[in-house]
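This report walks a new reader through selected features of one protein chain. Please look over the sequence and the model before reading on.

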Amino acid sequence: MTQELTPQIMLGAYAAGLFPMASGAADTTLRWYDPDPRGILPLDGFHLPRRLRRTVLSGQFDVCVDRDFPAVMRACAAPAPGRETTWINGDIYRLFCALHDMGFSHSVECWQNGELVGGLYGVALGGAFFGESMFSRTTDASKVALVHLVARLRLCGFVVLDTQFGTEHLARFGGEEIPAADYKAMLEKAVSMQPRWQENIPPDVLAAEIRNM
């Protein structure tokens, strides 16, 4: 199955509510997941703590999108404390880089002194964004990337931010789990929308949206 898996098949799977994972970097078999309940992060109900808002707006990170998508994927796949193994194998890396080249996969990146210190990546399809993974090499970097992602999605008119599973970490920002049937009803409407992702959003517009969260 792995050899036959193409970016086009991946897009069809995402539109149907499925996503692939490997059990480890050395695993050559990709498995499809369709969890019930499903984790989402409501864009209108996003909770931004005051301290984090100050950090996001402080300018200590240079936040951008798609500057180095492959580097974000490699960083997400690298072992880290509490995450010694990865579900991102060579095929996942290849397929998502191909989706990035096609304009469907995107990264939000935090840079500091010319070094990539945090970020996340996922797939944008219509009005849905499917969050895949994030990493942080310094305090709050991945959280800042998440806030910027949410601000961007809100400004672009996205209606679904899929987190796959619910976690305590995401619950602090308003993340929740909903029945898979409800998720798929939302997803069907979202993926039928015209592409919503916009790369060039003025920094002052993003900052104003973040202040309004």
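In which strand does Gln164 lie? Gln164 lies in strand β8, which covers residues 160-164.

## Basis of the report

The model is a predicted one, in which local features need pLDDT of at least 70 and side-chain atom pairs count only at pLDDT 80 or more, while totals for chains, interfaces and linings use all residues. Residues are numbered from 1 along each chain as its sequence is written, and side-chain values use heavy atoms, with hydrogens and water left out. Helices (H or I, at least four residues) and strands (E, at least two) are DSSP runs numbered from the N terminus.

## Backbone features

Gln164 has a positive phi of about 70° although it is not a glycine, and with a relative accessible area of 6% Gln164 is buried. Here buried means under 20% relative accessible area, exposed means over 50%, and partly exposed lies in between, with a 1.4 Å probe and protein chains only. Asn113, likewise not a glycine, has a positive phi of about 55°; Asn113 is found in the loop between β5 and β6 and counts as exposed, at 81% relative accessibility.

A cis peptide bond, with omega about 10°, joins Asp36 and Pro37, and Pro37 is found in the loop between β2 (31-33) and β3 (38-40).

Glu109 is found in strand β5, residues 105-112, and is buried, with a relative accessible area of 0%. Leaving aside residues up to four places away in sequence, Glu109 touches a set of residues that includes Asp62, Asp66, Arg67, Phe69, Val72 and Leu116, where contact means heavy atoms within 4.5 Å. Glu109 and Leu149 are 40 residues apart in sequence, and their C-alpha atoms are 9.7 Å apart in space.

In helix α3 (residues 69-77), the residues Phe69, Ala71, Val72, Met73, Ala75 and Cys76 are buried, and the buried residues of α3 pack against α4, β5, β6 (115-125) and β7.

## Two helix pairs

The axes of α1 (residues 7-15) and α4 (residues 90-101) come within 9 Å and cross at roughly 85°, which makes α1 roughly perpendicular to α4. Axes are lines fitted to C-alpha atoms, for helices over the stretch in contact, and angles run from 0 to 180 degrees between N-to-C directions; angles under 35 degrees count as roughly parallel, over 145 as roughly antiparallel, 65 to 115 as roughly perpendicular and the rest as oblique. Pro7, Met10, Leu11 and Tyr14 in α1 meet Leu95, Phe96, Ala98 and Leu99 in α4.

The helices α2 and α8 pack at an angle of about 170°, with their axes 10 Å apart, so α2 is roughly antiparallel to α8. Their contact is made by Arg53, Val56 and Leu57 of α2 together with Ala207, Ile210 and Arg211 of α8.

## The second largest pocket

The second largest pocket has a volume of about 360 Å³. Of the 23 residues that line the second largest pocket, the closest to its centre are Phe61, Val63, His148, Pro203 and Leu206. On a 1 Å grid over the protein atoms alone, a pocket is an open set of points where a 1.4 Å probe fits, with protein on both sides within 12 Å along at least five of seven lines, and lining residues have an atom within 4 Å of a point. Grid points are joined across faces, edges and corners, and a volume is the space filled by probe spheres set on the points. The largest share of this lining, five residues, comes from α8.
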